[in-house]
Amino acid sequence: MSFHEPFMQRALALARRGEGLTRPNPPVGAVLVQNGKIIAEGFHKKAGGPHAEVNCLAKVPKVGKSAVLYVTLEPCSTTGRTPPCTDLILARGIKRVVIGTKDPNPAHAGRGIRLLRRAGVEVITGICRAEAEALIAPFAKRIITGMPYVTLKLASTLDGRIADASGRSKWITGPQARAKVQELRRSADAILVGAGTVRADDPSLLPRPAKGRAPWRVVIGSTIPVNAQVLTDEAAEQTLVMNGPLKTVLKELGKRGAMHVLCEGGGKLAGSLVRAGLVDEFALFVAPSILGGEGFPMFGKTGWPLAKMPRLSFQTLEKLGKDVFIRANPVRRM
């Protein structure tokens, strides 16, 4: 581990506090270090508010010549809803900046770094790059393609069932796994389900506790009970009922500023997303149990021939109580 990594790891941890709050902007964290110690911290708390660098530097009235600013994403160099962070960095006399990853926006990529270097600031890039890029993957996908990043979450038994033959699914997984689902909801801008899931489970789809998050709840299909929670609770205005091709639905959500969509099923919708190549990440909760028989399968009842079955690449595996949480990415066919 390099000298810089612990400080960047702290900046990344700060940035994650802003996930689900910053749309259509990315979550960003910053720390200011002097003489090997963190003297100030900040993160981007909400869209339109001060950026991470501003929140960090505001806590220090005077910056020493040896101070180093760590920021997870290349500082902005253009005026938007807030002034450029590069101007602030130069005005505060910071001579060394360490960056996790460059801005993925083709219109801005590298510009902030060039401005700082031309002004005599030492800039180091690529510290904890993989983690920094993973953090802003939803922002990067939307800014480049106009489409939100899609995480498909499913909770299943060992034999791949998400409900029993009667459609009951509460609860396949335990409390620790369900708490992790709430964490996933807080990181998302929209929660996507099929109308069948609303009819079967009447879920609220709201993160509990919300901690300031207010994701859209998007229901695919139109046959929904008029007394469903998503239509009658305190967040009914956050519910969108949509139809049409899934790619069109996702493009519309991208136009609304959504960077990250969390799909919570059911199996038919999950299978349709996979078939359309629209899933960027799988979040799979697996319980040590078996349903068998006519239980509902994870991806609907229509499968793939062996030669064409989708393949995944495991990224992380985590034990949550008695259950296992798997993060995986699709392996794109060449």
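Strand 1 and strand 2, residues 37-43, pair antiparallel over six bridges. Two strands count as paired if DSSP finds at least two bridges between them. Strands here are DSSP runs (E, at least two residues), as are helices (H or I, at least four), numbered from the N terminus.

A word on the model. It is predicted, so to speak of local features we need pLDDT of at least 70, and side-chain atom pairs count only at pLDDT 80 or more, while totals for chains, interfaces and linings use all residues. Residues are numbered from 1 along each chain as its sequence is written, and side-chain values use heavy atoms, leaving out hydrogens and water.

Back to the hairpin. Gly29 stands opposite Phe43 in strand 2. Two residues lie between the strands, and Asn35 takes a positive phi near 55°.

Strand 1 also pairs with strand 3, residues 68-73. That pairing is antiparallel, with four bridges. Val33 faces Val68 there, standing opposite it in strand 3. How covered is strand 1, residues 29-34? Mostly: five of its six residues are buried (under 20% relative accessible area, 1.4 Å probe, protein chains only).

Eight strands, mixed pairing, order 10-9-8-11-6-12-15-14. Strand 10 (239-242) and strand 14 (312-320) are the edges, each pairing on one side only. Neighbouring strands are turned by 20° on average, direction ignored. Angles run from 0 to 180 degrees between N-to-C directions of axes fitted to C-alpha atoms, for helices over the stretch in contact.

Helix 10, residues 246-255, packs on this sheet. It touches strands 6, 9, 10 and 11, contact being heavy atoms within 4.5 Å. Its direction makes about 150° with that of strand 10.

Methods:
Buried < 20%, exposed > 50% of the residue type's maximum accessible area, 1.4 Å probe, protein only.
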